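Me: Could you walk me through this model before I set anything up with it? I'd like to start with the overall picture and then go into some local details.

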Amino acid sequence: MILVSILGAHHSELTPVYYSLFESLEGHLILHDNAPWRVCAAQSLQRGMNAYEAANARSWRTDAVLLEGFTFAYDPAQISATLDRCAEGKEIWLHSSDTPLTLTLSWAKAIFDRGGKAIAYDIYENKASAIDGAYNSKPVALKNLDLKTFCALADYKILRSETRSDLEPRREAVVSLFGAQKERFDRMRYEWRAKENCSREALLKNYADIARRLTVCGFDMPPSNKNALNNIGGIFEEAVFWIADSLGFDDLALGVQIEFAPEVINEFDILGVKGNRIFAIECKSGKLDLVETIYKYDSLISYFGSGGKAVLVKSIKGAAPQPISQSVTKRGLLNGVLIYRLSAFNMEDFKSAIKGFFDL
């Protein structure tokens with residue numbers, strides 16, 4: 001089978017179908033127009049897919065063909081010539097991603113005339129169907145990508161990340177500090193900053209169970225250092241990771257640093273994939289410009305396509321945080337970003353918020 005993919009709104013919408021059909025493929029053709037960002041996206045896909053094909057010992061490689069403009073229906077002779085050159089005598093399937101109707105219909109007709117099929121893919125439902133020339137439809141079995149493969153096919157490089165197995169040795173300590181022992185942990189942190197050196201020595205004895213868990217988490221707490229417990233962001237992120245881990249993601253990682261292009265590097269606190277959609281969870285404390293942060297994460301998550309979303313977890317002191325204005329909340333939701341203000345570590349409420357927003 002030869003897969004013909006027409007590049008539309010975002011290249012990530014092509015990869016799940018390619019990945020799912022991979023074992024049946026004898027070739028893959030990406031069609032794109034001459035818009036600079038589409039040329040760049042097609043080149044990234046081609047590099048990522050070629051590397052994947054080589055790693056899986058395939059004799060064929062994904063090719064990319066530039067077509068002038070996506071604003072008109074193409075000449076049937078041009079379409080036929082392209083298919084003759086790339087797929088003569090082979091079964092052809094078409095996958096079109098958010099492209100103009102005239103373009104999709106023109107290529108679909110040519111492929112139907114050759115006995116091929118067209119694929120309808122719903123990125124939000126993660127479902128696909130193959131439609132033949134008589135408009136008979138059959139479901140296509142989709143496979144779910146892991147983070148590594150999702151990024152590799154788009155030619156994104158994961159430079160650093162931690163997985164469940166990396167974090168497991170600290171799990172009990174982290175979950176306890178931000179769960180059953182959260183109130184005592186907060187009290188110890190407050191007292192640690194307020195007391196003198198000799199009093200901190202007594203504090204370590206009084207909170208020996210908390211101190212032991214902090215040691216497991218890598219904290220060095222000499223009584224002379226009153227700032228030793230100031231920066232707990234790392235273990236807070238790990239605690240949120242373990243909450244997310246219980247929600248059924250296909251793959252999940254902490255501290256994921258990705259190079260999207262040369263010298264374009266970004267890091268995500270927690271990155272998960274479910275049903276071929278990427279979801280980010282960012283953990284923040286202290287003062288924060290929420291509107292600026294919303295736009296930042298909307299921009300970052302857009303690297304993964306229209307199906308991506310982000311939850312911004314804002315750690316708040318006290319039991320009754322000030323509510324977020326409706327305008328800021330709506331601005332976030334319109335940009336695929338949910339702001340969750342976490343005062344007490346209420347796991348069930350937080351789980352419910354993540355599941356609902358990410359459609360898990």
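Reply: One term has to come before the overall picture: buried means under 20% relative accessible area, exposed means over 50%, and partly exposed is in between, computed with a 1.4 Å probe on protein chains only. With that cut-off, 50% of the 360 residues of the protein chain count as buried.

Me: Before we go on, where do the coordinates come from, and how are things counted?

Reply: This is a predicted model, in which local features need pLDDT of at least 70 and side-chain atom pairs count only at pLDDT 80 or more, while totals for chains, interfaces and linings use all residues. Residues are numbered from 1 along each chain as its sequence is written, and side-chain values use heavy atoms, with hydrogens and water left out.

Me: Okay, and how many helices and strands does the protein chain come to?

Reply: The secondary structure comes to 14 helices and 13 strands, where helices (H or I, at least four residues) and strands (E, at least two) are DSSP runs numbered from the N terminus. The C-alpha trace spans about 85 × 45 × 35 Å along its principal axes.

Me: What share of the contacts joins residues at least 24 apart in sequence?

Reply: Taking contact to mean heavy atoms within 4.5 Å, 69% of the contacts between residues at least 6 apart in sequence join residues at least 24 apart.

Me: Let's look at α3. What span does it reach?

Reply: Helix α3 (residues 76-87) has twelve residues and reaches 16 Å from its first C-alpha to its last, close to the 16 Å expected at 1.5 Å a residue; the expected span is 1.5 Å times one less than the number of residues.

Me: And which of its residues are buried?

Reply: In α3 the buried residues include Ile-79, Thr-82, Leu-83 and Ala-87. They cover an arc of only 95 degrees around the axis, which puts them on the same side of α3, the arc being that of the directions from the helix axis to the C-beta atoms. Ala-77 and Arg-85 are exposed on the other side of α3.

Me: What covers the buried residues of α3?

Reply: The cover includes the strands β1 (2-6), β2 (27-32) and β4 (92-96), together with helix α4 (101-113). Just after α3, Gly-89 takes a positive phi of about 80 degrees.

Me: Since α4 came up, how far apart are its end C-alpha atoms?

Reply: They are 18 Å apart, which agrees with the 18 Å that the 13 residues of α4 should span at 1.5 Å a residue. The buried residues of α4 are Leu-103, Thr-104, Ser-106, Trp-107, Ala-108, Ala-110, Ile-111 and Phe-112, and they pack against β1, β2, α3, β4, β5 and β6. Gly-115, which follows α4, has a positive phi near 80 degrees.

Me: Why does Leu-103 count as buried?

Reply: Leu-103 counts as buried because its relative accessibility is 1%. Leu-103 is 97 residues from Ile-6 in sequence, yet the two are 9.0 Å apart in space, C-alpha to C-alpha.

Me: Changing topic, at what angle do α8 and α10 cross?

Reply: The axes of helix α8 (residues 182-194) and helix α10 (residues 208-216) come within 10 Å and cross at roughly 90 degrees. That makes α8 roughly perpendicular to α10, a label for angles of 65 to 115 degrees, whereas under 35 counts as roughly parallel, over 145 as roughly antiparallel and the rest as oblique. Axes here are lines fitted to C-alpha atoms, for helices over the stretch in contact, with angles running from 0 to 180 degrees between N-to-C directions.

Me: Which residues make that contact?

Reply: Arg-184, Phe-185 and Met-188 of α8 make the contact with Asp-209, Ile-210 and Leu-214 of α10. These residues divide into four nonpolar, no polar and two charged, where Ala, Val, Leu, Ile, Met, Phe, Trp, Tyr, Cys and Pro count as nonpolar, Asp, Glu, Lys and Arg as charged, and the others, Gly among them, as polar.
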